[in-house]
Amino acid sequence: MNKRDIEFEILRYNPETDEKPSFQTYRVPCQEDWVILDAINYVKDEIDRTLSYRWSCHMAVCGSCGMMINGEPTLSCKSFLRDHPDRIRIEPLSNFPIERDLITVMDDFMEKLGSVKPYIVPNEDRPVDEGEHRQTPAQLADFKQYTACINCLLCYAACPQYALNEDFVGPGALALAHRYNLDSRDVGREARADVVASNAGIWECSFVGACSQVCPHDVDPAGAIQQTKIASTVDYFKALLMPWRN
Amino acid sequence: MESIRSDVAIVGAGGAGLRAAIAVAETDPDLRVALISKVYPMRSHTVAAEGGAAGVVKDNDSLENHFDDTVAGGDWLCDQDAVELFVNEAPRELTQIEHWGCPWSREPNGRVAVRPFGGMKVERTWYAADKTGFHMLHTLFQTSLKYPSIQRYDEFYSTDLVVVDGRCRGVTAIDMRSGQMRLFRAKAVIIATGGAGRVFPFTTNGAIKTGDGMAMAYRAGVPLKDMEFIQYHPTGLPGTGILITEGARGEGGILVNRDGYRYLQDYGLGPPDPWPRKKAMELGPRDRLSQAFWHEHNKGRTIESPHGDVVHLDLRQLGEKKIEERLPMVRELAQSYVGVDPVHEPIPVRPVVHYTMGGIDTDIDAASRIGGLFAAGECACVSINGANRLGSNSLTELLVFGARAGRGAAAQAGDEGHEPDQSAIEEQAAAAQDGVGELFRRTGGTERIPHLRKEMNDTMELGAGIYRNEESLKESCAKMADIQRRYAGIELEDKSNVYNTDLIQALELGSMIEVARAIVVSALNRAESRGSHQRLDRVERDDQNYLKHTLARYSTDGDPSIEYRDVVITKSVPGERVYGGGEK
Amino acid sequence: MSRRPYVREVSRSWWWLNQRRYVGYMIRELSCVFIGAYTAVIVVSLMRLSQGQAAYEGFLDALWGPVGLAFHIVAFVFALYHTTTWFNVTPKAMPLRLGERRVPGGAIIGAHYAGWLAVSAVVLFLAGD
C-alpha cells in the first residue's frame, strides 16, 4: 500500500486558552485508500490527543463528520485523499459557532428542525390494529427523495442566506417539512405553514442552490424549497380567490 | 453537583431509547423523560442498519414460523417465552412505526413489502430500500419531537448508575460541552446504549459502539449474559468493515471463492439451485456463513486483497434496475469505498464483527434484577437472539423491547417505594465525579489510549474470533486482565474541560476493557460449540451441560465470576439446525 | 462555565467572493437588472410608438447609437445567462412524474429551450418584413 505525506492545516480552538481560532499544521503519512477522517484519526491517535471532532459511522449515513475541506462543506468519511493535493485545509462547518476545534454548536439547527413539525399529522386516528396505511410505490416515490437527509448540515454551511440571516429556517429543515407535506399519510401542510411559509422560512431563500450542490445524498433541498414556494403561493391565491373553500 | 430531576431517565437515544421515550410519553404525558445520549440521536448506530425488520405479515406465514426460525437460528439458546412474545408483538410495532411515517417499501397494491432474509423460512422482513435502520431512526426521532414531556440531553456521556438499597435512583453524566458532571435523578432508568463491537478491530460498528451502558450496569451488579456470543456479519467491506446488507443476498446475491465456486454448498447449506431459496446457501444463518469463510480461508480458497483475504459477493445477475431500486446504497458504498460497481463486478467482502448477542441480563419485560433499572436493544440480553441472531430481528427488537422498557419504567415511576436515602445518592454521585477527576489529576502516565485500545483489539481478534480454543481463550483472559491493570496507567494528554474527546475516549476504553473481559471469560467457560461461539477443541453442542445462559458478574479484582441459568424451553425442543435442502 | 463558542464573522458585502458558485449566483442576480432595464426599454418603445412616427423613429435612432448598441450587447449576454441558468434549474422547482418514474430533468429543460426557439422563430418571422 503506497503512502503519501500530506500536510493538514487544521483550525484549532480551545475556548479556555485561546482568544480566537488559529491553524495548526500536521504532517501525516497517509495510505492511498484513506479518507480525510482516517487521517484526522491518525492525528488524534499518534500526534495530538487534544484534537476534538465528531464522527461515528464512517459510511456517510450518521451525518456527524461534516467539516470544511479546502473551503468546501464535506463529509470527512467520504472524502478520499486520492482526490486531494498534498496540502489540505480543514475547518469546522461554516455558519455555526465553534464550540471546540472542529466541533460546532448545532443548537440552532436542532431548534429549527423541531419548529417545522417534522412528523406525521394524520388525517384520521387510524388504529394500529387496522394495519398499515396503503401507500402505492408511486406515492412513496413522491416524497422518498426528501427522506434521505442525514442532518449533516453541509447545506447550512453552504447557504449564504443562512450565513447572513440567523433567522432563516434553512435548507435541511425546509426539505424535511416538504418530505412530510408530500407524504400521502400527512395533512399537516397548513400546520407547518406558520414557520415554513414565513419570511424566515422559504421566502428567505433566493435559490442560490449551493445547498443542493453540496448535499451528499441528493436530497435537493433547493428544489424542495422552490416547490414549497409554488405550493404556498397556490394556497395563498386559493384562499384569496375562493375563501369559501375553508 | 447540579441535579436534573425526571421521572424516567433513558441513557441512549437510538432506536430502543427513542421508542422507550415515546412509550413513556404515550403511557402518561405527565411523566418527565430525560433522554440522555453521548451523541445527537440521529447519529446513533441504528442509523447504519440496512436490511430490514422482521414481522409476520404474509398469509402463507405464521407467528409459529417466525418463532421456530428464531429459536433454531439462536441454536436453542433463546428464551422461548420471550421469543413468543417478541414474534407476537412484532407486526404491531412495525405497523405503529408505519403510522408514524416510516417509509416502508411497498407492493404495487400499497401494502408493505417484505423480503427474504437469512435463516427465515418465509419472507417477513419489512424494509425501506436498503436503509431501514436510517429510516426507522429518523422516524422515531422526528416523532419524539411531538412530545413535550421528552427533554433531551444531547452529548452527555453517562458514567455511572446510582443504585441505593437495590433500587436504581439515577445516573451521573458528563455534559460534554462544559465538562461538568450532572446527577440525573430519576425514579426509573432505562439503558439503551447499544452493543460493543468496537472491542474488536474489524467491525461494522461506528466509533460510538463501546459498550458504555453494558459496563455501567455490570459495575452496578447486573450480570452480563451470554457475552461470548459475538456475531460476525458475513459481508463487510475489507479495510473499513462497512456493512453490506444481507438484503443483497436476499435479493439473489451469491458468494463465491477464488475459483468462482459457491462454496457454501460444501457446508451443509446446499444444493446451490434453485436460487434464491430461503434458508439455503447465501440465505443461511450468519454464524454458518462466517464459519464457512474461516474454513475456506484455511483451505487457501479465499482471494487476497490489500486488506486481508476476501470472498466475492456477486450481484451482477440482479441487473442494474433491481440494484438501483432495492440496493442503491450498497452500490454507492461499493463504488466509493472499494471502487467496484456491483452492476459490473463482484464486491470483495469478509466477515466482520457486527452484533453483540449478549448484554445486560433482562427479563421478558426488559427489567433487570435492580429495581427501577431497565435495558433494551442491543445492550440488553433477554434473550431472544440466543447464540446467533437472525438478520432483521434486531431492528424489530428495538421496537418491541424499547416499548416494553418504556411502559415498565412508566409504571415504576408511579411507585417509588421508600424515600431514597439522599446522602447515599450524593455519595455515589461524588464518587463518580471523583473517578473522572482522578483521570485528570493523574501524572506520569505509562500507557497511551490508542495503543492500549489496539492491544485490546488484537487480543480479542486472536483469542475470541470466529473460532476459538481453550488455549487462545486462556491467553486472552490473562492478556485482558493485564490490559485492565495497565489501564490504570493511562494519563490524559488533554486536560481541558470543553468537549474533551481524549477524556471520552479514555472512559470508553475503560468500558470496552470491562466488556472484553466478560466476553473472553464467558467464552473460556463455555466448553461447547453453539451458534456463533465455536470451539475447535469442543466442536459439538452440549445440551446436557450448556443449555444455559452464561452470567458474568463483575468483580473489582480478578476475572468476572461465572454462573449459569437454564434457558426457558416451552414449545421447541432443541434439535438440529437444518438449512439448505431442496425445499422452496 | 468555560464554554465560549466562537462566531466567525461573514462580510455582509463581500461574502460572495469566497466561492465560485457564489460569484456565478451574483452574476445571475445582476442579470435581473438588465432584464428589468430591457423591460423598461420595451415600455418606452410602446410609449414612443403611441406618440407618433417621428417619436418612434427618433427612439429607433437612439437604439442604434453607440450607447444603445453597447447596452443591447451587454443586456443580451446577461439575458442569455439569466435564461440558461433559470431553465437549468426548472426541473427542481417543477418535478413532473409519469406514474412512478420522474420525467428526466433533461426533458423538462429541453422543452423550455424548444419553446424558446419556437417563440423566437415566430417573433423573428413577424419582425422580418
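Which residues does C:Thr90 touch, not counting residues up to four places away in sequence? This tour of a predicted model opens with that residue and then moves to chains A and B.

**Stop 1: C:Thr90**

Select helix H3 of chain C, residues 66-93, and locate C:Thr90 within the helix. Beyond residues up to four places away in sequence, C:Thr90 touches C:Ile108, C:Ile109 and C:His112. Draw a distance between the C-alpha atoms of C:Thr90 and C:Ile109: the separation is 6.8 Å, although the two residues are 19 residues apart along the chain. C:Thr90 has 15 C-beta neighbours inside 10 Å and therefore counts as partly exposed.

**Stop 2: the two domains of chain A**

Next, colour chain A by domain, with domain 1 covering 3-104 and domain 2 covering 107-245. Their centres, taken over C-alpha atoms, are separated by 31 Å. The contact takes 13 residues from domain 1 of chain A and 12 residues from domain 2 of chain A. On the side of domain 1 of chain A that touches domain 2 of chain A, the elements giving two or more residues are strand E3 (66-69) and strand E4 (72-75) of chain A. E4(A) provides the largest share of that side, three residues. By class, the residues on this side of domain 1 of chain A are seven nonpolar, five polar and one charged.

**Stop 3: where chain B meets chain A**

Display chains A and B together. Here 45 residues of chain B are in contact with 41 residues of chain A. On the side of chain B that touches chain A, at least two residues each are supplied by helix H3 (80-99), helix H4 (132-144), helix H9 (328-338) and helix H14 (501-525) of chain B. H3(B) gives the most to this side, with five residues. The side of chain B that touches chain A is made up of 18 nonpolar, 17 polar and 10 charged residues.

**Stop 4: a helix pair in chain B**

Show side chains at the crossing. From H3(B), the contact involves B:Phe86, B:Glu89, B:Ala90, B:Glu93, B:Leu94 and B:Ile97. From H10(B), B:Thr396, B:Glu397, B:Leu399, B:Val400 and B:Ala403 meet them. Divided by class, this contact has seven nonpolar, one polar and three charged residues.

**Stop 5: a four-stranded sheet in chain B**

Now select the open sheet of four strands in the order E1-E10-E9-E8 of chain B, in which the pairing is mixed. Strand E1 (3-5) and strand E8 (156-164) of chain B stand at the edges with a single partner strand each, so one side of each is left without a neighbour in the sheet. Neighbouring strands of this sheet are turned by 25° against each other on average, direction ignored. Within the sheet, strand E9 (residues 167-175) and strand E10 (residues 180-185) of chain B run antiparallel and are joined by six bridges. To find one such position, look for B:Ala173, which stands opposite B:Arg182 in E10(B). Helix H11 of chain B, residues 422-441, packs on the sheet and touches E8, E9 and E10 of chain B. The direction of H11(B) makes about 145° with that of E8(B).

**Stop 6: a five-stranded sheet in chain B**

Move to the open sheet of five strands in the order E19-E17-E12-E22-E23 of chain B, again with mixed pairing. Strand E19 (380-381) and strand E23 (561-566) of chain B are the edge strands, each pairing on one side only. Strand E17 (residues 359-361) of chain B pairs with E19(B) in the parallel sense over two bridges, and B:Ile360 has B:Ala380 in E19(B) as its bridge partner. H14(B) packs on this sheet, touching strand E12 (224-225), strand E22 (548-553) and E23 of chain B. The directions of H14(B) and E22(B) make about 140°.

**Stop 7: strand E16 of chain B**

Finish at strand E16 of chain B, residues 347-356. Is this strand buried or exposed? Of its 10 residues, 10 are buried, so E16(B) is largely enclosed by the rest of the structure. Strand E13 (residues 230-236) of chain B runs antiparallel to E16(B) and is joined to E16(B) by five bridges; B:Tyr232 stands opposite B:Val353 in E16(B). Strand E15 (residues 311-314) of chain B is also antiparallel to E16(B), with three bridges joining them. There, B:Val311 has B:Val349 in E16(B) as its bridge partner.

Terms used: Residues numbered from 1 in each chain as written. Chains lettered and ligands numbered in written order. Predicted model: local features only at pLDDT ≥ 70, side-chain atom pairs only at ≥ 80, totals over all residues. Buried ≥ 20, exposed ≤ 12 C-beta atoms within 10 Å, placed from the backbone. Pairing = 2+ DSSP bridges. Domains from an automatic or database assignment. Contact = placed C-beta atoms within 7 Å. Nonpolar A, V, L, I, M, F, W, Y, C, P; charged D, E, K, R; others polar. Axes fitted to C-alpha atoms, helices over the stretch in contact; angles between N-to-C directions.
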